[in-house]
Amino acid sequence: MAKKLLLIDVDCGVDDAQGLMMALAAPNVELLGITCCHGNTTLENVCKNVLRVLHICDSPEIPVFKGASRPLLGECIHASDYHGKDGLGDVPDPDSPGLDVVQKEHAVIAMLRIANEHPGQVTLVATGPLTNLALAVNMDPTFPQKIKSLFIMGGNMESRGNTTVCGEFNFACDPEAAYIVLNVFDCPTYIATWEFTCHNKVSWAFHDEWIQQETRKAEFMRKISAHSAKYTERCNDKPGHMWTAGFVSCDSYAVAAAIDESFVTEAIECGVSVELSGTLTRGMMVLDPTGKLQKKRKAFVMNKCDLEKFQGLMMLALN
């Protein structure tokens, strides 16, 4: 059976690393490349972090491409409180590869080229701000038609924000890019929202078993996730932090859905968009279950999933 062709766009923080390791370990996946975008940390750190993940997974042959360093409008926001200033827990790694191995080709150009080389075959997974994707479709409006499907981690379905009052981090980082992607991309689109990942979290007991495996990958994960684990513990008693009751690896849900279609057991099929102007709601994803937006192409907003399969994919990632 032919392998699934994946192209993953990341702002490599801790959960991006977890998702990448999941994809790299999946026997049914061929990872064509990894494109990098601003987000959890600076673009340079994102590239370094991807190279670190590939190094620990013995996959230096996967090409890495440097993309957008800032949103389409406005200033960059980062998530150093959770991910650390460098995006991977501020753990020094003297053996990490240098940036000289990053491809010279820009990430957006690479996206377009890879889609043209494999028309209708590439599954695109986006686990960070959608700036690279928006730039790609602006350069080539036919780009979405050449993609087999798009899996996004981002947005929200209950107006619950984790960065602003109503804004999830990836969409809040670049609301205009999210708006372009959700309103212009006409390939099948699947969205793992912030609330979806929180409602489908796994237990801390599983997390502890997961990172205590006696492998180099598990040791790497223990080091890079210690900072975020401490941050989560500090947030445990704060109101509204529903994600702290269990382990939430947000980006891994989008990757799991791309790897195994049966992972998602229930989804809301409806039109979606992004609010750009609201004082309190800028960056909020809007669901249109009653069809008032009159969108021809609906998105599949994930609602429920098979957590047993998810845990299996997570365990395999650190084997």
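Biologist: How many aromatic pairs does the structure hold?

Modeller: This is a predicted model. Rings of Phe, Tyr and Trp pair if their centres lie within 6.5 Å. By that criterion, the number of aromatic pairs in the structure is ten.

Biologist: Is the pair of phenylalanine 196 and tyrosine 253 stacked, tilted or edge-to-face?

Modeller: The two ring centres are 5.7 Å apart, and the angle between the planes is 80°. Planes over 60 degrees apart count as edge-to-face. The pair of phenylalanine 196 and tyrosine 253 is therefore edge-to-face.

Biologist: How many residues apart in sequence are the parts that this pair ties together?

Modeller: Phenylalanine 196 belongs to helix 9 (residues 194–199), whereas tyrosine 253 belongs to helix 12 (residues 250–259). The pair therefore ties together parts whose separation in sequence is 57 residues.

Biologist: Is tyrosine 253 buried or exposed?

Modeller: A residue is called buried when its relative accessible area is under 20%. For tyrosine 253 the value is 0%, so this residue is buried.

Biologist: Which class describes the pair of tryptophan 210 and phenylalanine 247: stacked, tilted or edge-to-face?

Modeller: Their centres are 5.4 Å apart, with 35° between the planes. Planes under 30 degrees apart count as stacked and over 60 as edge-to-face, while the rest are tilted. The pair of tryptophan 210 and phenylalanine 247 is therefore tilted.

Biologist: Where in the chain does phenylalanine 247 lie?

Modeller: The pair links distant parts of the chain, 37 residues apart. Tryptophan 210 is in helix 10 (residues 204–211), and phenylalanine 247 is in the loop between helix 11 (216–235) and helix 12.

Notes: Residues numbered from 1 in each chain as written. Predicted model: local features only at pLDDT ≥ 70, side-chain atom pairs only at ≥ 80, totals over all residues. Heavy atoms only, no water. Phe/Tyr/Trp six-rings, centres within 6.5 Å; stacked < 30°, edge-to-face > 60°. Helix = DSSP H or I, 4+ residues; strand = E, 2+ residues; numbered from the N terminus. Buried < 20%, exposed > 50% of the residue type's maximum accessible area, 1.4 Å probe, protein only.
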